[in-house]
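Student: Please walk me through this structure. Keep it simple.

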Amino acid sequence: MRSTPTSRGRHWDGTPHTPARRRALRVDATSPSRLLRIAQRSLCQACGNRIDWHPTPTQQTIPLHPAELPTALVPPPHRWHVASGVAHHADDAAPWCRIAHPALCPAHTPPQELPPALGALRRRLALHTRKLLDTGLFTPQQPDNEQAPAAPCRPARPVVQLLYSRYLAAQPIEDIRCVAQTLRRTRCPHPVLSPHSTPGKWTLLPAAFHHTRRQLALPAADIAVYNLGHLPYSEQMRWRTQRCPAHAAAHSAPDLALAEWDVFDPLLHHAFLVTRLPEASRPYR
């Protein structure tokens with residue numbers, strides 16, 4: 001029996017010797033989001049179920065339930081729609097919509113207006129959380145308002161003021177990492193705080209800010225804030241988009257992660273308020 005001859009450029013099973021060149025994904029210049037993927041997948045730190053992080057038109061992020069739901073089952077205040085990777089809190093008359101994960105999270109108190117069908121979905125998520133806990137695959141983390149305050153000499157989650165707003169960082173200032181993609185398709189390892197750029201200034205400022213609308217008493221009078229307001233607008237935008245100086249100039253480079261900023265609320269984030277300036281020996285003063 002004579003075997004079928006193979007070409008010189010292929011293996012015996014027909015596969016090529018050299019793999020085909022992969023197409024490089026690029027972000028369109030008019031795209032409202034610079035994420036290379038439509039969503040940033042993660043796990044809820046409170047229940048362990050999967051969530052999809054989407055940016056919103058206000059440059060914030062919202063954790064959405066990964067599956068679409070019939071619009072008729074979701075009350076209007078809880079309807080979200082995703083367009084071009086951006087989540088919009090509105091009703092576009094589509095038969096399907098998304099819902100924010102906190103409304104279904106078993107670790108939170110459910111809203112009273114949820115219908116029975118969503119209550120059944122919430123119970124299934126709770127059952128999955130129980131399985132993860134029983135098998136030791138998940139350990140819930142404490143909410144931000146129950147964590148111990150950070151050491152005054154080096155805030156673990158510092159308050160940063162830029163673009164006339166205040167944000168709570170996810171890491172210390174010198175550990176904030178660039179979110180852009182490198183040529184090797186990995187996340188950039190360089191920090192946002194570059195030694196060749198003008199740093200911010202640690203300042204004691206009142207905890208109340210002009211956008212604070214709550215009337216409750218604030219937990220502290222003056223707090224340590226890493227102020228970037230004296231920098232040029234381009235530098236403040238570089239910090240807001242969480243990019244190193246090299247990738248801030250490379251507009252074609254997409255993002256592999258979302259910028260890790262939380263809009264600062266002195267009442268919600270009171271556990272991270274620091275009432276004295278960090279030590280002068282720190283390199284990011």
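**Starting with a helix**

Student: Which residues are buried in H2?
Tutor: Glu 235, Gln 236, Arg 238, Trp 239 and Arg 240. Buried means under 20% relative accessible area, exposed means over 50%, and partly exposed is in between (1.4 Å probe, protein chains only). Helices (H or I, at least four residues) and strands (E, at least two) are DSSP runs, numbered from the N terminus.

Student: What kind of model is this?
Tutor: A predicted one: local features need pLDDT of at least 70, side-chain atom pairs count only at pLDDT 80 or more, and totals for chains, interfaces and linings use all residues. Residues are numbered from 1 along each chain as its sequence is written, and side-chain values use heavy atoms, with hydrogens and water left out.

Student: What do the buried residues of H2 pack against?
Tutor: They pack against S8, S9, S11, H3 and S12. Here contact means heavy atoms within 4.5 Å. H2 also lies across S8, S9, S11 and S12, and runs at about 140 degrees to S8. For such angles, axes are lines fitted to C-alpha atoms (for helices, over the stretch in contact), and the values run from 0 to 180 degrees between N-to-C directions.

Student: Big picture now. How many helices and strands are there?
Tutor: The protein chain has three helices and twelve strands. It has 285 residues, and 39% of them are buried.

Student: In what order do the strands of the five-stranded open sheet come?
Tutor: The order is S10-S11-S8-S9-S12, with mixed pairing. S10 (201-206) and S12 (261-263) are the edge strands, so called because each pairs on one side only. Two strands pair if DSSP finds at least two bridges between them.

Student: How do S8 and S9 run?
Tutor: Antiparallel, with four bridges joining them. Leu 162 stands opposite Ser 165 in S9. The loop between S8 and S9 holds Tyr 164.

Student: Which other residue has a positive phi of about 60 degrees without being a glycine?
Tutor: Gln 242 does. Gln 242 sits in the loop between H2 and H3, just after H2.

Student: Switching to hairpins. How many residues lie between S1 and S2?
Tutor: Six, and Gly 48 in that hairpin takes a positive phi near 85 degrees. S1 (40-43) and S2 (50-55) run antiparallel, joined by four bridges. Ser 42 stands opposite Ile 51 in S2.

Student: And what about S2 and S3?
Tutor: They form a hairpin with five residues between them, and Gln 59 in the turn has a positive phi of about 70 degrees. Four bridges join S2 to S3 (61-64), and these strands run antiparallel.

Student: Where does Gln 59 turn up again?
Tutor: In the lining of the second largest pocket, which has 30 residues. Arg 34, Gln 59, Arg 240, Thr 241 and Asp 255 lie nearest the pocket's centre. On a 1 Å grid over the protein atoms alone, a pocket is an open set of points with protein on both sides within 12 Å along at least five of seven lines, while a cavity is a set where a 1.4 Å probe fits but cannot get out; lining residues have an atom within 4 Å of a point.

Student: How much space is in that second largest pocket?
Tutor: About 670 Å³. A volume is the space filled by probe spheres set on the points, which are joined across faces, edges and corners.

Student: Which element gives the most to the lining of the second largest pocket?
Tutor: H2 does, with four residues.

Student: What about cavities: which residues line the largest cavity?
Tutor: Pro 155, Arg 157, Pro 158, Val 159, Trp 202, Ala 224, Phe 272, Leu 273 and Val 274. About 30 Å³ of space lies in this cavity.

Student: Last one. What does Pro 111 touch?
Tutor: Leaving aside neighbours within four places in sequence, Pro 111 is in contact with His 78 and Ala 103. Pro 111 and His 78 are 33 residues apart in sequence and 9.9 Å apart in space, C-alpha to C-alpha. Pro 111 counts as partly exposed because its relative accessibility is 23%.
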